[in-house]
Amino acid sequence: MAKNILKVKAKARGDKTKVKMMAKHIMESGQRKDKKTGELIPAKFLQELKVEHGGKVVFEASMGTAISKNPYIAFNFAGGAKGDELVMTWKENTGASATETAKIK
Amino acid sequence: MKIIKKLALGLSVAAAAQMAQAADSGFDLATVDPEADRIALQKYFQSRFPKAEINDYVNGIYAVDADSREQWEELEEFPPYEFAVEEGETLFNTPFANGKGYADCFENGGIGIRQNYPYWNKEAGTVKTLEMEINECREANGEQPLKWAKGDLAKISAYMAWTSRDKPINIEIPADDPRAKAAYLDGKKFFYAKRGQLTLSCANCHVQGSNIRIRADLPSPQLGHTSHFPVFRSKWGELGTLHRRYKGCHKDSRSKPLGHQVEVYRNLEYFQSYMNNGLVVNGPGARK
Amino acid sequence: MSMNRRTVVKAIAAGGALIGASVMMPRAAMAAWAESAFKADKQDAAMNALLGSSEAADSAEVTLKAPDIAENGAVVPVTVRTSMANVESISIFVENNPNPLVAEFMIPAGTDADVSTRLRMGKTSKVTAVVKADGKLFSAAKEVKVTIGGCGG
(Lines give C-alpha, C1' and ligand atoms only; values in the text may rest on other atoms or scores of the structure.)
Protein backbone atom coordinates (compact mmCIF):
# COMPACT_ATOMS: atom_id res chain seq x y z
CA MET A 1 0.00 0.00 0.00
CA ALA A 2 0.91 3.59 -0.29
CA LYS A 3 4.22 4.50 1.24
CA ASN A 4 4.75 7.72 3.13
CA ILE A 5 5.78 10.49 0.81
CA LEU A 6 6.77 13.11 3.36
CA LYS A 7 10.13 13.55 4.95
CA VAL A 8 9.91 15.95 7.86
CA LYS A 9 12.67 17.55 9.86
CA ALA A 10 11.16 19.31 12.84
CA LYS A 11 13.33 20.72 15.59
CA ALA A 12 12.20 22.38 18.79
CA ARG A 13 14.43 25.32 19.61
CA GLY A 14 13.58 27.64 22.45
CA ASP A 15 9.88 28.43 22.32
CA LYS A 16 9.58 27.58 18.64
CA THR A 17 9.57 24.57 16.37
CA LYS A 18 11.28 24.85 13.03
CA VAL A 19 9.82 22.57 10.38
CA LYS A 20 11.38 21.66 7.04
CA MET A 21 9.66 19.10 4.88
CA MET A 22 9.91 17.56 1.48
CA ALA A 23 7.37 15.44 -0.32
CA LYS A 24 8.48 12.81 -2.75
CA HIS A 25 6.21 13.78 -5.59
CA ILE A 26 6.55 14.28 -9.33
CA MET A 27 4.33 17.42 -9.39
CA GLU A 28 3.35 16.65 -12.97
CA SER A 29 2.10 19.93 -14.40
CA GLY A 30 -0.16 18.59 -17.13
CA GLN A 31 1.79 20.72 -19.61
CA ARG A 32 4.48 18.23 -20.49
CA LYS A 33 4.26 15.94 -23.48
CA ASP A 34 5.22 12.31 -23.46
CA LYS A 35 8.35 12.23 -25.63
CA LYS A 36 7.31 8.96 -27.29
CA THR A 37 3.60 9.41 -27.90
CA GLY A 38 3.50 13.21 -28.16
CA GLU A 39 0.49 13.22 -25.87
CA LEU A 40 0.13 15.43 -22.82
CA ILE A 41 0.97 13.72 -19.55
CA PRO A 42 -2.01 14.26 -17.25
CA ALA A 43 -1.50 16.57 -14.29
CA LYS A 44 -0.76 14.88 -10.99
CA PHE A 45 0.27 17.20 -8.22
CA LEU A 46 -0.12 17.92 -4.54
CA GLN A 47 -2.82 20.49 -4.00
CA GLU A 48 -3.06 20.70 -0.27
CA LEU A 49 -0.92 20.09 2.73
CA LYS A 50 -1.92 20.70 6.30
CA VAL A 51 0.20 20.38 9.41
CA GLU A 52 -1.27 19.94 12.88
CA HIS A 53 0.34 19.96 16.28
CA GLY A 54 -1.63 19.02 19.37
CA GLY A 55 -4.90 19.12 17.45
CA LYS A 56 -4.26 22.65 16.21
CA VAL A 57 -3.54 23.52 12.59
CA VAL A 58 -0.12 25.21 12.49
CA PHE A 59 0.32 25.44 8.73
CA GLU A 60 -1.69 24.97 5.60
CA ALA A 61 -0.58 25.18 1.98
CA SER A 62 -2.55 25.26 -1.25
CA MET A 63 -0.30 24.48 -4.17
CA GLY A 64 -0.42 24.67 -7.94
CA THR A 65 1.73 23.05 -10.58
CA ALA A 66 4.45 25.70 -10.30
CA ILE A 67 5.71 24.16 -7.07
CA SER A 68 8.87 22.23 -7.94
CA LYS A 69 9.08 18.48 -8.17
CA ASN A 70 9.55 17.06 -4.66
CA PRO A 71 7.89 20.06 -2.98
CA TYR A 72 9.84 21.72 -0.21
CA ILE A 73 8.27 23.83 2.50
CA ALA A 74 9.83 25.39 5.59
CA PHE A 75 8.08 27.32 8.36
CA ASN A 76 8.20 27.90 12.14
CA PHE A 77 5.51 27.82 14.76
CA ALA A 78 5.34 28.75 18.43
CA GLY A 79 5.38 25.84 20.86
CA GLY A 80 6.16 22.21 20.26
CA ALA A 81 8.56 20.06 22.23
CA LYS A 82 10.92 17.22 21.49
CA GLY A 83 8.93 14.02 21.05
CA ASP A 84 5.66 15.76 20.12
CA GLU A 85 3.90 14.47 17.08
CA LEU A 86 3.14 16.47 13.95
CA VAL A 87 0.24 15.27 11.83
CA MET A 88 0.43 16.04 8.13
CA THR A 89 -2.49 15.58 5.79
CA TRP A 90 -2.00 15.93 2.05
CA LYS A 91 -4.26 15.76 -0.92
CA GLU A 92 -3.52 15.33 -4.61
CA ASN A 93 -5.51 16.72 -7.53
CA THR A 94 -6.40 13.11 -8.36
CA GLY A 95 -8.31 12.86 -5.08
CA ALA A 96 -5.67 10.70 -3.41
CA SER A 97 -5.07 11.75 0.13
CA ALA A 98 -3.26 10.53 3.22
CA THR A 99 -2.22 11.42 6.71
CA GLU A 100 1.33 10.91 7.95
CA THR A 101 3.00 11.69 11.22
CA ALA A 102 6.46 12.78 12.32
CA LYS A 103 8.10 13.44 15.66
CA ILE A 104 9.65 16.72 16.67
CA LYS A 105 13.32 16.31 17.51
CA MET B 1 25.33 44.61 -18.24
CA LYS B 2 26.43 42.80 -15.16
CA ILE B 3 27.06 39.72 -17.25
CA ILE B 4 29.17 41.57 -19.77
CA LYS B 5 31.26 43.15 -17.08
CA LYS B 6 31.79 39.82 -15.48
CA LEU B 7 32.89 38.28 -18.73
CA ALA B 8 35.34 41.05 -19.53
CA LEU B 9 36.80 40.90 -16.07
CA GLY B 10 36.97 37.15 -16.17
CA LEU B 11 38.79 37.10 -19.47
CA SER B 12 41.45 39.48 -18.33
CA VAL B 13 41.95 37.46 -15.18
CA ALA B 14 42.14 34.30 -17.21
CA ALA B 15 44.67 35.81 -19.58
CA ALA B 16 46.87 36.84 -16.69
CA ALA B 17 46.47 33.50 -15.06
CA GLN B 18 47.52 31.62 -18.16
CA MET B 19 51.04 32.63 -17.41
CA ALA B 20 50.79 30.59 -14.27
CA GLN B 21 50.47 27.25 -15.98
CA ALA B 22 48.04 24.97 -14.22
CA ALA B 23 49.81 21.77 -15.18
CA ASP B 24 53.40 22.20 -14.27
CA SER B 25 54.79 18.81 -15.08
CA GLY B 26 55.04 17.30 -18.51
CA PHE B 27 52.94 15.25 -20.83
CA ASP B 28 55.21 12.25 -21.21
CA LEU B 29 56.02 9.44 -18.84
CA ALA B 30 59.54 10.67 -18.22
CA THR B 31 58.51 14.07 -16.93
CA VAL B 32 54.95 13.75 -15.64
CA ASP B 33 54.74 14.30 -11.89
CA PRO B 34 51.25 13.91 -10.41
CA GLU B 35 52.10 15.60 -7.11
CA ALA B 36 53.61 18.61 -8.91
CA ASP B 37 50.46 18.80 -11.02
CA ARG B 38 48.25 18.73 -7.96
CA ILE B 39 50.17 21.48 -6.20
CA ALA B 40 50.29 23.58 -9.36
CA LEU B 41 46.54 23.29 -9.76
CA GLN B 42 45.93 24.38 -6.18
CA LYS B 43 48.29 27.33 -6.65
CA TYR B 44 46.56 28.27 -9.86
CA PHE B 45 43.17 28.45 -8.18
CA GLN B 46 44.58 30.18 -5.13
CA SER B 47 45.93 32.99 -7.28
CA ARG B 48 42.85 33.04 -9.46
CA PHE B 49 40.32 33.18 -6.61
CA PRO B 50 42.29 34.39 -3.58
CA LYS B 51 39.20 34.56 -1.37
CA ALA B 52 38.14 30.96 -1.88
CA GLU B 53 39.28 28.38 0.65
CA ILE B 54 40.94 25.35 -0.90
CA ASN B 55 38.78 23.05 1.23
CA ASP B 56 35.67 24.66 -0.19
CA TYR B 57 36.40 23.51 -3.74
CA VAL B 58 34.50 20.31 -3.04
CA ASN B 59 31.47 22.56 -3.46
CA GLY B 60 32.33 23.29 -7.07
CA ILE B 61 31.26 26.60 -8.52
CA TYR B 62 29.72 27.50 -5.15
CA ALA B 63 33.23 27.90 -3.79
CA VAL B 64 33.79 30.88 -6.08
CA ASP B 65 30.44 32.41 -7.09
CA ALA B 66 28.40 33.99 -4.31
CA ASP B 67 25.09 34.31 -6.19
CA SER B 68 24.97 30.65 -7.13
CA ARG B 69 26.15 29.70 -3.69
CA GLU B 70 23.19 31.39 -2.03
CA GLN B 71 20.72 29.34 -4.08
CA TRP B 72 22.65 26.17 -3.49
CA GLU B 73 22.65 26.80 0.26
CA GLU B 74 18.87 27.11 0.09
CA LEU B 75 18.73 23.72 -1.64
CA GLU B 76 21.05 22.23 0.95
CA GLU B 77 18.53 23.26 3.64
CA PHE B 78 16.77 20.12 2.49
CA PRO B 79 19.01 18.46 -0.07
CA PRO B 80 17.22 17.03 -3.10
CA TYR B 81 19.37 13.88 -2.96
CA GLU B 82 18.15 12.72 0.46
CA PHE B 83 15.47 10.39 -0.86
CA ALA B 84 18.02 8.81 -3.19
CA VAL B 85 20.52 8.22 -0.37
CA GLU B 86 17.83 6.44 1.63
CA GLU B 87 16.86 4.31 -1.34
CA GLY B 88 20.53 3.60 -1.95
CA GLU B 89 20.90 2.38 1.62
CA THR B 90 17.95 0.01 1.19
CA LEU B 91 19.34 -1.29 -2.10
CA PHE B 92 22.80 -1.69 -0.61
CA ASN B 93 21.41 -3.77 2.24
CA THR B 94 19.11 -5.93 0.13
CA PRO B 95 20.73 -9.36 -0.27
CA PHE B 96 21.29 -10.93 -3.68
CA ALA B 97 19.47 -14.13 -4.62
CA ASN B 98 22.44 -16.13 -3.30
CA GLY B 99 22.12 -14.50 0.11
CA LYS B 100 25.27 -12.40 -0.24
CA GLY B 101 25.35 -8.66 -0.51
CA TYR B 102 27.38 -5.63 -1.57
CA ALA B 103 29.01 -5.55 1.84
CA ASP B 104 30.70 -8.86 1.04
CA CYS B 105 32.45 -7.42 -2.01
CA PHE B 106 34.07 -4.36 -0.48
CA GLU B 107 36.61 -3.50 2.13
CA ASN B 108 35.04 -2.49 5.46
CA GLY B 109 31.70 -3.80 4.26
CA GLY B 110 31.55 -0.99 1.70
CA ILE B 111 31.14 1.70 4.36
CA GLY B 112 33.34 4.78 4.33
CA ILE B 113 35.54 3.75 1.41
CA ARG B 114 34.61 6.21 -1.36
CA GLN B 115 37.78 8.22 -0.77
CA ASN B 116 39.89 5.37 -2.17
CA TYR B 117 38.15 5.33 -5.55
CA PRO B 118 39.09 5.17 -8.33
CA TYR B 119 42.22 3.10 -7.77
CA TRP B 120 44.82 1.31 -9.82
CA ASN B 121 44.17 -2.42 -9.84
CA LYS B 122 47.42 -4.19 -10.54
CA GLU B 123 45.93 -7.62 -11.21
CA ALA B 124 43.46 -6.28 -13.73
CA GLY B 125 45.98 -3.76 -15.06
CA THR B 126 43.38 -1.01 -15.16
CA VAL B 127 41.73 1.76 -13.15
CA LYS B 128 38.70 0.55 -11.21
CA THR B 129 35.89 2.92 -10.39
CA LEU B 130 33.38 2.44 -7.59
CA GLU B 131 30.50 2.05 -10.03
CA MET B 132 32.44 -0.59 -11.93
CA GLU B 133 33.05 -2.59 -8.78
CA ILE B 134 29.41 -2.33 -7.73
CA ASN B 135 28.43 -3.99 -10.98
CA GLU B 136 31.28 -6.50 -10.79
CA CYS B 137 30.00 -7.40 -7.35
CA ARG B 138 26.57 -8.06 -8.78
CA GLU B 139 27.88 -10.18 -11.61
CA ALA B 140 30.14 -12.18 -9.34
CA ASN B 141 27.02 -13.05 -7.37
CA GLY B 142 24.92 -14.04 -10.33
CA GLU B 143 22.99 -10.76 -10.64
CA GLN B 144 22.49 -8.66 -13.75
CA PRO B 145 24.62 -5.50 -13.87
CA LEU B 146 22.79 -2.21 -13.32
CA LYS B 147 22.55 0.56 -15.89
CA TRP B 148 25.47 2.97 -15.59
CA ALA B 149 24.01 6.43 -15.91
CA LYS B 150 21.39 6.74 -13.19
CA GLY B 151 18.87 4.89 -11.10
CA ASP B 152 19.85 2.12 -8.72
CA LEU B 153 23.57 2.20 -9.47
CA ALA B 154 23.75 5.94 -8.84
CA LYS B 155 21.73 5.51 -5.64
CA ILE B 156 23.99 2.78 -4.28
CA SER B 157 27.03 4.87 -5.19
CA ALA B 158 25.40 7.88 -3.49
CA TYR B 159 24.83 5.92 -0.31
CA MET B 160 28.43 4.71 -0.32
CA ALA B 161 29.65 8.28 -0.83
CA TRP B 162 27.36 9.46 1.95
CA THR B 163 28.95 7.01 4.39
CA SER B 164 32.35 8.40 3.37
CA ARG B 165 31.58 12.08 3.66
CA ASP B 166 34.39 14.22 5.02
CA LYS B 167 36.97 11.47 4.60
CA PRO B 168 40.12 12.81 2.90
CA ILE B 169 40.38 11.72 -0.71
CA ASN B 170 43.28 9.36 -1.02
CA ILE B 171 44.15 8.41 -4.59
CA GLU B 172 47.36 6.48 -4.91
CA ILE B 173 49.54 6.00 -7.95
CA PRO B 174 51.61 2.98 -6.97
CA ALA B 175 55.25 3.43 -7.88
CA ASP B 176 55.80 -0.28 -8.35
CA ASP B 177 53.64 -0.39 -11.46
CA PRO B 178 54.52 2.11 -14.19
CA ARG B 179 51.18 1.38 -15.85
CA ALA B 180 49.45 3.30 -13.06
CA LYS B 181 51.28 6.49 -13.86
CA ALA B 182 50.61 5.86 -17.54
CA ALA B 183 46.88 5.71 -16.77
CA TYR B 184 47.14 8.99 -14.87
CA LEU B 185 48.99 10.53 -17.81
CA ASP B 186 46.35 9.29 -20.22
CA GLY B 187 43.66 10.99 -18.12
CA LYS B 188 45.70 14.17 -17.89
CA LYS B 189 46.25 14.26 -21.65
CA PHE B 190 42.56 13.75 -22.22
CA PHE B 191 41.77 16.63 -19.88
CA TYR B 192 44.07 19.06 -21.67
CA ALA B 193 43.50 17.92 -25.27
CA LYS B 194 41.17 19.94 -27.47
CA ARG B 195 38.39 18.06 -29.20
CA GLY B 196 35.02 18.39 -30.85
CA GLN B 197 33.52 21.00 -33.16
CA LEU B 198 34.32 23.81 -30.75
CA THR B 199 37.91 22.61 -30.26
CA LEU B 200 37.60 22.85 -26.52
CA SER B 201 39.50 20.91 -23.93
CA CYS B 202 38.11 20.15 -20.49
CA ALA B 203 40.72 22.61 -19.19
CA ASN B 204 39.50 25.43 -21.41
CA CYS B 205 36.25 25.58 -19.46
CA HIS B 206 37.18 24.12 -16.10
CA VAL B 207 40.63 25.64 -15.55
CA GLN B 208 41.01 28.86 -17.54
CA GLY B 209 37.24 29.22 -18.06
CA SER B 210 36.03 28.40 -14.60
CA ASN B 211 33.60 30.97 -13.22
CA ILE B 212 33.44 32.80 -16.55
CA ARG B 213 30.04 32.73 -18.16
CA ILE B 214 29.46 30.50 -21.17
CA ARG B 215 26.06 31.88 -22.14
CA ALA B 216 24.32 31.52 -18.78
CA ASP B 217 26.60 28.97 -17.22
CA LEU B 218 29.55 29.29 -14.92
CA PRO B 219 31.85 26.31 -15.44
CA SER B 220 32.99 24.74 -12.19
CA PRO B 221 36.67 24.69 -11.22
CA GLN B 222 38.60 21.52 -12.00
CA LEU B 223 39.88 21.44 -8.44
CA GLY B 224 37.21 19.60 -6.46
CA HIS B 225 35.64 17.95 -9.51
CA THR B 226 34.56 14.36 -8.84
CA SER B 227 34.54 14.88 -5.06
CA HIS B 228 30.76 15.32 -4.91
CA PHE B 229 29.61 12.57 -7.25
CA PRO B 230 27.17 11.05 -7.90
CA VAL B 231 25.28 14.28 -8.25
CA PHE B 232 21.65 15.37 -8.12
CA ARG B 233 21.32 17.92 -10.88
CA SER B 234 18.29 20.16 -11.07
CA LYS B 235 18.54 19.80 -14.83
CA TRP B 236 18.12 16.05 -14.54
CA GLY B 237 15.74 16.20 -11.61
CA GLU B 238 17.49 13.08 -10.38
CA LEU B 239 20.79 11.56 -9.47
CA GLY B 240 23.42 10.70 -12.08
CA THR B 241 26.90 9.24 -12.14
CA LEU B 242 30.17 10.97 -12.99
CA HIS B 243 30.41 9.27 -16.36
CA ARG B 244 26.90 10.44 -17.22
CA ARG B 245 28.18 13.94 -16.56
CA TYR B 246 31.30 13.32 -18.67
CA LYS B 247 29.10 12.25 -21.55
CA GLY B 248 26.78 15.21 -21.13
CA CYS B 249 29.68 17.63 -20.93
CA HIS B 250 31.09 16.28 -24.18
CA LYS B 251 27.75 16.57 -25.89
CA ASP B 252 27.28 20.15 -24.66
CA SER B 253 30.70 21.11 -25.96
CA ARG B 254 29.96 19.39 -29.27
CA SER B 255 32.33 16.55 -29.07
CA LYS B 256 31.46 12.90 -29.28
CA PRO B 257 30.45 11.37 -25.96
CA LEU B 258 32.26 8.13 -25.19
CA GLY B 259 30.76 5.12 -23.47
CA HIS B 260 30.24 4.67 -19.75
CA GLN B 261 33.31 3.32 -17.98
CA VAL B 262 35.48 3.24 -21.11
CA GLU B 263 39.15 3.18 -20.26
CA VAL B 264 39.89 6.81 -21.00
CA TYR B 265 36.95 8.02 -18.87
CA ARG B 266 38.23 5.91 -16.01
CA ASN B 267 41.70 7.33 -16.53
CA LEU B 268 40.23 10.82 -16.60
CA GLU B 269 38.47 10.08 -13.32
CA TYR B 270 41.76 8.79 -11.92
CA PHE B 271 43.59 11.98 -12.94
CA GLN B 272 40.81 14.29 -11.73
CA SER B 273 40.42 12.48 -8.43
CA TYR B 274 44.15 12.58 -7.80
CA MET B 275 43.96 16.38 -8.13
CA ASN B 276 41.55 16.28 -5.16
CA ASN B 277 43.88 14.49 -2.78
CA GLY B 278 43.67 16.28 0.54
CA LEU B 279 40.13 17.50 -0.12
CA VAL B 280 37.28 15.43 1.29
CA VAL B 281 34.53 13.24 -0.09
CA ASN B 282 31.44 15.38 -0.45
CA GLY B 283 29.04 13.19 -2.39
CA PRO B 284 26.35 13.10 -3.27
CA GLY B 285 26.08 16.74 -4.25
CA ALA B 286 23.33 19.04 -5.53
CA ARG B 287 24.05 21.08 -8.63
CA LYS B 288 22.08 23.27 -11.00
CA MET C 1 -14.11 29.34 1.85
CA SER C 2 -13.91 26.17 3.88
CA MET C 3 -15.47 23.00 2.64
CA ASN C 4 -17.72 21.36 5.14
CA ARG C 5 -16.81 18.02 6.52
CA ARG C 6 -19.43 16.10 4.60
CA THR C 7 -18.13 17.34 1.25
CA VAL C 8 -14.67 16.23 2.23
CA VAL C 9 -15.98 12.80 3.18
CA LYS C 10 -17.65 12.52 -0.21
CA ALA C 11 -14.56 13.64 -2.04
CA ILE C 12 -12.56 11.08 -0.22
CA ALA C 13 -15.10 8.36 -0.88
CA ALA C 14 -14.90 9.22 -4.55
CA GLY C 15 -11.15 8.89 -4.54
CA GLY C 16 -11.43 5.88 -2.27
CA ALA C 17 -10.71 3.27 -4.88
CA LEU C 18 -7.12 4.34 -5.12
CA ILE C 19 -6.66 4.75 -1.43
CA GLY C 20 -6.53 1.95 1.04
CA ALA C 21 -6.67 1.07 4.67
CA SER C 22 -3.48 2.90 5.48
CA VAL C 23 -4.93 6.18 4.31
CA MET C 24 -6.73 7.79 7.17
CA MET C 25 -9.45 10.36 7.20
CA PRO C 26 -8.11 13.84 7.37
CA ARG C 27 -8.65 14.91 10.97
CA ALA C 28 -10.17 18.21 10.07
CA ALA C 29 -11.58 19.46 6.84
CA MET C 30 -9.13 21.23 4.58
CA ALA C 31 -9.89 24.52 2.99
CA ALA C 32 -11.15 24.06 -0.56
CA TRP C 33 -8.43 24.33 -3.19
CA ALA C 34 -9.02 27.62 -4.99
CA GLU C 35 -9.43 26.15 -8.44
CA SER C 36 -10.39 29.34 -10.28
CA ALA C 37 -7.40 31.19 -8.81
CA PHE C 38 -4.93 28.42 -9.64
CA LYS C 39 -6.30 28.04 -13.17
CA ALA C 40 -6.34 31.77 -13.97
CA ASP C 41 -3.83 32.65 -16.68
CA LYS C 42 -3.37 36.29 -15.67
CA GLN C 43 -2.00 37.46 -12.36
CA ASP C 44 -4.74 40.03 -11.77
CA ALA C 45 -7.44 37.43 -12.31
CA ALA C 46 -5.65 34.98 -10.05
CA MET C 47 -5.33 37.58 -7.29
CA ASN C 48 -8.97 38.56 -7.64
CA ALA C 49 -10.09 34.96 -7.45
CA LEU C 50 -7.89 34.15 -4.48
CA LEU C 51 -7.85 37.33 -2.46
CA GLY C 52 -10.79 39.30 -3.74
CA SER C 53 -8.62 42.07 -5.14
CA SER C 54 -5.72 42.54 -7.52
CA GLU C 55 -4.49 45.59 -5.63
CA ALA C 56 -1.80 45.05 -3.02
CA ALA C 57 0.18 47.88 -1.48
CA ASP C 58 3.95 47.69 -1.98
CA SER C 59 5.41 47.28 1.45
CA ALA C 60 8.95 47.41 2.72
CA GLU C 61 7.80 45.19 5.56
CA VAL C 62 7.35 42.29 3.19
CA THR C 63 10.63 40.56 2.40
CA LEU C 64 10.84 38.45 -0.72
CA LYS C 65 14.07 36.54 -1.05
CA ALA C 66 14.64 35.14 -4.51
CA PRO C 67 17.70 34.96 -6.77
CA ASP C 68 18.51 37.60 -9.41
CA ILE C 69 19.37 34.87 -11.89
CA ALA C 70 17.89 31.47 -11.21
CA GLU C 71 20.44 28.69 -11.45
CA ASN C 72 17.67 26.51 -12.80
CA GLY C 73 14.11 27.60 -13.50
CA ALA C 74 12.81 24.24 -12.31
CA VAL C 75 13.94 24.85 -8.74
CA VAL C 76 13.92 28.51 -7.72
CA PRO C 77 14.30 28.93 -3.96
CA VAL C 78 12.00 31.60 -2.57
CA THR C 79 11.45 32.83 0.97
CA VAL C 80 8.74 35.26 2.04
CA ARG C 81 8.64 36.81 5.46
CA THR C 82 7.16 39.79 7.20
CA SER C 83 7.17 41.23 10.68
CA MET C 84 3.57 42.44 10.30
CA ALA C 85 1.03 41.38 12.90
CA ASN C 86 -2.15 39.41 12.24
CA VAL C 87 -0.93 37.79 9.04
CA GLU C 88 -3.56 35.47 7.60
CA SER C 89 -1.87 34.23 4.48
CA ILE C 90 1.12 34.52 2.18
CA SER C 91 0.71 33.86 -1.52
CA ILE C 92 3.24 33.78 -4.33
CA PHE C 93 2.71 34.67 -7.97
CA VAL C 94 4.93 34.32 -11.04
CA GLU C 95 3.51 36.71 -13.60
CA ASN C 96 4.81 35.00 -16.74
CA ASN C 97 3.98 31.43 -15.79
CA PRO C 98 1.04 29.85 -17.64
CA ASN C 99 -0.82 29.98 -14.32
CA PRO C 100 0.65 32.79 -12.20
CA LEU C 101 -0.56 31.60 -8.80
CA VAL C 102 2.10 29.31 -7.34
CA ALA C 103 0.84 28.70 -3.82
CA GLU C 104 -1.05 30.11 -0.91
CA PHE C 105 0.14 29.49 2.64
CA MET C 106 -2.26 30.00 5.52
CA ILE C 107 -0.56 31.40 8.59
CA PRO C 108 -2.54 30.56 11.75
CA ALA C 109 -1.91 32.55 14.94
CA GLY C 110 1.33 31.32 16.50
CA THR C 111 2.97 30.49 13.19
CA ASP C 112 5.62 32.89 11.90
CA ALA C 113 4.93 34.72 8.69
CA ASP C 114 8.12 33.22 7.29
CA VAL C 115 7.82 30.55 4.64
CA SER C 116 10.33 29.02 2.23
CA THR C 117 9.60 26.91 -0.81
CA ARG C 118 10.97 26.11 -4.29
CA LEU C 119 9.11 26.95 -7.43
CA ARG C 120 9.12 26.54 -11.18
CA MET C 121 9.55 29.40 -13.60
CA GLY C 122 9.18 28.89 -17.34
CA LYS C 123 10.96 32.12 -18.18
CA THR C 124 12.18 35.41 -16.75
CA SER C 125 9.38 36.98 -14.75
CA LYS C 126 8.35 39.22 -11.96
CA VAL C 127 7.77 37.22 -8.79
CA THR C 128 5.31 38.73 -6.34
CA ALA C 129 4.69 37.84 -2.72
CA VAL C 130 1.36 38.98 -1.31
CA VAL C 131 0.76 39.10 2.41
CA LYS C 132 -2.76 39.31 3.75
CA ALA C 133 -2.76 40.94 7.18
CA ASP C 134 -5.68 42.46 9.04
CA GLY C 135 -7.75 41.86 5.92
CA LYS C 136 -5.47 44.06 3.79
CA LEU C 137 -3.05 43.08 1.04
CA PHE C 138 0.64 44.01 0.99
CA SER C 139 3.24 42.93 -1.50
CA ALA C 140 6.86 42.79 -2.52
CA ALA C 141 8.06 41.90 -6.00
CA LYS C 142 11.29 41.26 -7.82
CA GLU C 143 12.38 40.15 -11.23
CA VAL C 144 14.02 36.74 -11.42
CA LYS C 145 15.90 35.96 -14.60
CA VAL C 146 15.64 32.48 -16.03
CA THR C 147 18.22 31.59 -18.61
CA ILE C 148 18.88 28.68 -20.89
CA GLY C 149 22.38 27.57 -20.20
CA GLY C 150 24.89 25.82 -22.39
CA CYS C 151 25.44 23.12 -19.82
CA GLY C 152 22.95 23.45 -17.02
CA GLY C 153 19.87 24.61 -18.86
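A:Leu49 stands opposite A:Ala61 in strand β4 of chain A. The structure is a predicted model, in which local features need pLDDT of at least 70 and side-chain atom pairs count only at pLDDT 80 or more, while totals for chains, interfaces and linings use all residues. Residues are numbered from 1 along each chain as its sequence is written, and chains are lettered from A and ligands numbered from 1 in the order in which they are written.

**Exercise 1.** Give the strand order of the open sheet of six strands, and explain why β1(A) and β2(C) stand at its edges.

Step 1. The order is β1(A)-β2(A)-β5(A)-β7(C)-β4(C)-β2(C), with antiparallel pairing.

Step 2. β1 (6-13) of chain A and β2 (62-65) of chain C each have a single partner strand, so one side of each is left without a neighbour in the sheet.

Step 3. The twist averages 15° from one strand to the next. Axes are lines fitted to C-alpha atoms, for helices over the stretch in contact, and angles run from 0 to 180 degrees between N-to-C directions.

Step 4. Eight bridges hold the antiparallel pairing of β1(A) and β2(A). One bridge partner in β2(A) is A:Thr17, which pairs with A:Ala12.

**Exercise 2.** Describe the open sheet of three strands in chain B.

Step 1. The order is β4-β3-β5, and the pairing is mixed.

Step 2. β4 (238-240) and β5 (285-287) of chain B are the edge strands, each pairing on one side only.

Step 3. Direction ignored, neighbouring strands of this sheet are turned by 35° against each other on average.

Step 4. β3 of chain B, residues 231-233, is joined to β4(B) by three bridges, and they run antiparallel. B:Phe232 stands opposite B:Leu239 in β4(B).

**Exercise 3.** List the buried residues of helix α3 of chain C, and work out how they lie around the helix axis.

Step 1. In α3(C), residues 43-51, the buried residues are C:Gln43, C:Ala46, C:Met47, C:Leu50 and C:Leu51.

Step 2. They cover an arc of only 100° around the axis, which puts them on the same side of α3(C). The arc is that of the directions from the helix axis to the C-beta atoms.

Step 3. An α-helix has 3.6 residues a turn, so residues three or four places apart point the same way.

Step 4. Two residues are in contact if their C-beta atoms, placed from the backbone, lie within 7 Å. The buried residues of α3(C) pack against α2 (35-39), β5 (87-94), β6 (101-106), β8 (125-133) and β9 (136-146) of chain C.

Step 5. After α3(C) comes C:Gly52, with a positive phi near 80°.

**Exercise 4.** State whether C:Ala70 is buried or exposed, and find its contacts.

Step 1. C:Ala70 is in strand β3 of chain C, residues 69-70.

Step 2. C:Ala70 is buried, because 26 other C-beta atoms lie within 10 Å.

Step 3. Neighbours within four places in sequence left aside, C:Ala70 is in contact with C:Val76, C:Met121, C:Val144, C:Lys145 and C:Val146.

Step 4. C:Glu88 is 18 residues from C:Ala70 along the chain, and their C-alpha atoms are separated by 29 Å.

Methods
Pairing = 2+ DSSP bridges. Helix = DSSP H or I, 4+ residues; strand = E, 2+ residues; numbered from the N terminus. Buried ≥ 20, exposed ≤ 12 C-beta atoms within 10 Å, placed from the backbone.
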